[in-house]
Amino acid sequence: MTKPILQVSGLTMDFGGIRALNHLDLNVHSGEIVALIGPNGAGKTTFFNCVTGIYYPTEGDVLLNNPKGGKTISLKGLKPNKVTEKGLARTFQNIRLFSKMTVLENVMIGRHCRTHAFVIGAIFRPPKVRREEQEIMNISYSLLEKTGLAQYANELAQNLPYGAQRRLEIARALATEPILLLLDEPAAGMNPQETMELVDLIKEISNDGQAILLIEHDMKLVMTLSHKIYVMDYGKKIAEGDPAEIRSNPDVIKAYLGEGADA
Ligand SMILES: Nc1ncnc2c1ncn2[C@@H]1O[C@H](COP(=O)(O)OP(=O)(O)O)[C@@H](O)[C@H]1O
Ligand SMILES: [Mg+2]
């Protein structure tokens with residue numbers, strides 16, 4: 001097998017006396033959809049925060065291999081914007097958008113890390129900058145089309161229906177052209193119709209070759225989409241495998257699926 005694009009080893013995070021992550025190993029390979037599941041408080045968001053530079057892990061390492069080649073790099077200790085630049089983009093459990101900016105501008109901001117001379121509203125704009133801006137706008141608009149948001153391009157982000165705001169976060173993350181896309185509970189708070197549309201969107205993104213790591217509570221979504229599932233409880237990995245293996249794993253059933261999940 002080829003090298004994983006994301007290779008996390010021994011990741012540990014202590015908050016005072018609480019060990020939120022306990023020597024976690026996790027790999028994501030090119031083209032895969034990998035899910036990270038577990039009860040509330042298991043440490044899933046902490047994992048994302050350690051991988052994306054929000055927290056500096058107590059122990060362990062986070063390595064990134066660009067599938068297009070180049071050296072393996074460690075993301076440990078990099079600031080979140082640098083991590084994005086290196087190729088990890090994420091969405092948040094609680095939506096974080098620029099609510100007073102338009103939908104299109106929100107995606108254009110995401111593109112910022114891939115360009116050199118882009119400043120929104122700059123007064124002096126030489127032709128090269130104007131060309132770059134036009135290109136950013138085109139790419140951003142095509143991402144709105146992909147995520148079903150083109151009709152809202154000039155609306156303020158805050159005026160979007162909930163499900164559309166969640167899709168906009170995904171569009172903004174995609175604008176950074178990530179090697180790996182991380183989604184923290186993308187279906188949270190969605191109604192069944194919105195969840196179905198989200199499943200279709202994630203499938204479509206994946207079919208484009210995008211590797212995805214997702215945290216999600218909706219078991220139907222997880223089982224439908226994932227190539228591989230990691231299960232956490234109390235900061236530790238308790239199981240890994242494909243959906244069929246996870247479904248029939250007794251530890252998982254005990255820790256998680258037994259608690260009323262419909263899988
Ligand atoms: N910044 C923090 N300071 C202290 N404790 C934290 C912090 N972030 C998370 N925790 C604790 O770490 C544990 C895991 O939390 P979290 O990663 O949010 O779980 P999950 O996303 O799986 O629901 C919880 O006990 C939580 O209270
Ligand atoms: Mg969480």
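So, how do the residues lining the largest pocket divide into nonpolar, polar and charged? They split into 11 nonpolar, 7 polar and 5 charged, where Ala, Val, Leu, Ile, Met, Phe, Trp, Tyr, Cys and Pro count as nonpolar, Asp, Glu, Lys and Arg as charged, and the others, Gly among them, as polar.

Before I go on: this is a predicted model, where local features need pLDDT of at least 70, side-chain atom pairs count only at pLDDT 80 or more, and totals for chains, interfaces and linings use all residues. Residues are numbered from 1 along each chain as its sequence is written, chains are lettered from A and ligands numbered from 1 in the order written, and side-chain values use heavy atoms, with hydrogens and water left out.

Okay, a pocket here is an open set of points on a 1 Å grid over the protein atoms alone, where a 1.4 Å probe fits, with protein on both sides within 12 Å along at least five of seven lines; lining residues have an atom within 4 Å of a point.

Back to our pocket. Its lining has 23 residues, and Thr84, Arg90, Phe92, Arg172 and Thr176 sit nearest the centre. Both domain 1 (1–87 + 179–263) and domain 2 (95–177) give at least three residues each to that lining; the bounds come from an automatic or database domain assignment.

Now the second largest pocket. Among its 21 lining residues, Lys68, Glu177, Pro178, Ile179 and Gln210 are closest to the centre. By class, you get 10 nonpolar, 5 polar and 6 charged. Again, domain 1 and domain 2 each supply at least three lining residues.
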